[in-house]
Amino acid sequence: MTAQGFKPGFRAVVAGLATVAAITLGWFNLYQHRIFHPVYDGVTWEDTEHGVVAQDVVPEGPGARRGIHAGDMLISINHTGVQTTPQVARILDRLHDWQDAEYTLSQEGQPYTAKVILEPEPANSLLPYLQVVGLLYLGVGLFVILRRPNAPRSGHFYVFCLASFALYFYHYTGKFNPFDWTIYWLNVIAWVLQPPLFLHFALVFPKPKPFLERHRITLSLLYLPGALLLVMHAAVAIDVLRIHLPLSAVRWGLDRLELLYMGVMYLAAAGVLHHT
């Protein structure tokens, strides 16, 4: 059997193994969501030059019911001192829902204590729909690579579908154990990789566009913005890039930046396909 004759079968095997690995991780991710629910105190905490301060308090939330107001400074939780918002998240991760937590705070310079009953974090109602979208991407990609392994760019299309599966199906729980960190980074990598993969596919399907012969570096440059976004994520995660905002605000900003990045990439791909 020649290497060329074995190639379709080899690609199918690799695609099958990648699919099994992706589905296995996805199943464990679903299981984690079933057994773990992050606790929620109903307060958005913000890092300031004076310390950790309540930026926003959800009306009728756990914190509001115990007298916490916007502007109150957090000193400790269960007698563990707090200096930054990541410390708040780490302390809460060790607690359980419906557990009492003793918050020591300062309101206009006057210290006080609040017994906050922590609640499960509200579930994301969009999560099941996103997971269905991810499964559809994976099914389409697997169908193409198994049925048409010799079709032009079928392998590239499968990688795009696999990245789309990771983007829409994987969601970290907030527990941030080693497995949860793995899911988090796979999701981030898929987010920055999926848009340029699609634009790359549009530029080379069914055959490479003529200008690529003159500018071969173009395809490599497509992945540069995503690489920069990935570096930014890593810098924020390991506290190299310090942004004095609540963690929720940093996530919101990164999400909007990534949505802009995705929109630009997909509009460019649409323009290429329309021209083709």
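Author: Contact here means heavy atoms within 4.5 Å. The model is a predicted one. Leaving aside residues up to four places away in sequence, E102 touches S76, I77, N78, H79, T113, A114 and K115.

Reader: Where is the place of E102, and does E102 count as buried or exposed?

Author: E102 lies in strand β6, residues 100-107. Buried means under 20% relative accessible area; E102 counts as buried because its relative accessibility is 19%. Of the 8 residues of β6, 6 are buried, so described as mostly covered by the definition of burial.

Reader: Which side chain makes a polar contact with the side chain of E102?

Author: The partner is the side chain of K115, at 3.1 Å.

Reader: How is the pairing of β6 to be read?

Author: In a regular strand, side chains alternate between the two faces of the sheet. Strand β4 (residues 73-77) runs antiparallel to β6, joined by 4 bridges, and I77 stands opposite Y103. Strand β7 (residues 110-117) is also antiparallel to β6, with 8 bridges; there Y103 stands opposite A114.

Reader: How many residues lie between β6 and β7 in the hairpin?

Author: There are 2, and E108 in the turn has a positive phi of about 55°.

Reader: How may the length of a helix be checked, and which residues of α9 are buried?

Author: Helix α9 has 14 residues (224-237), which at 1.5 Å a residue should span 20 Å; the end C-alpha atoms are 20 Å apart, in agreement. Its buried residues are G226, L229, H233 and A235. An α-helix has 3.6 residues a turn, so residues three or four places apart point the same way.

Definitions and conventions: Residues numbered from 1 in each chain as written. Predicted model: local features only at pLDDT ≥ 70, side-chain atom pairs only at ≥ 80, totals over all residues. Heavy atoms only, no water. Expected span 1.5 Å × (residues − 1). Buried < 20%, exposed > 50% of the residue type's maximum accessible area, 1.4 Å probe, protein only. Polar contact = N/O pair within 3.5 Å; in protein donor to acceptor, adjacent residues only side chain to side chain. Pairing = 2+ DSSP bridges.
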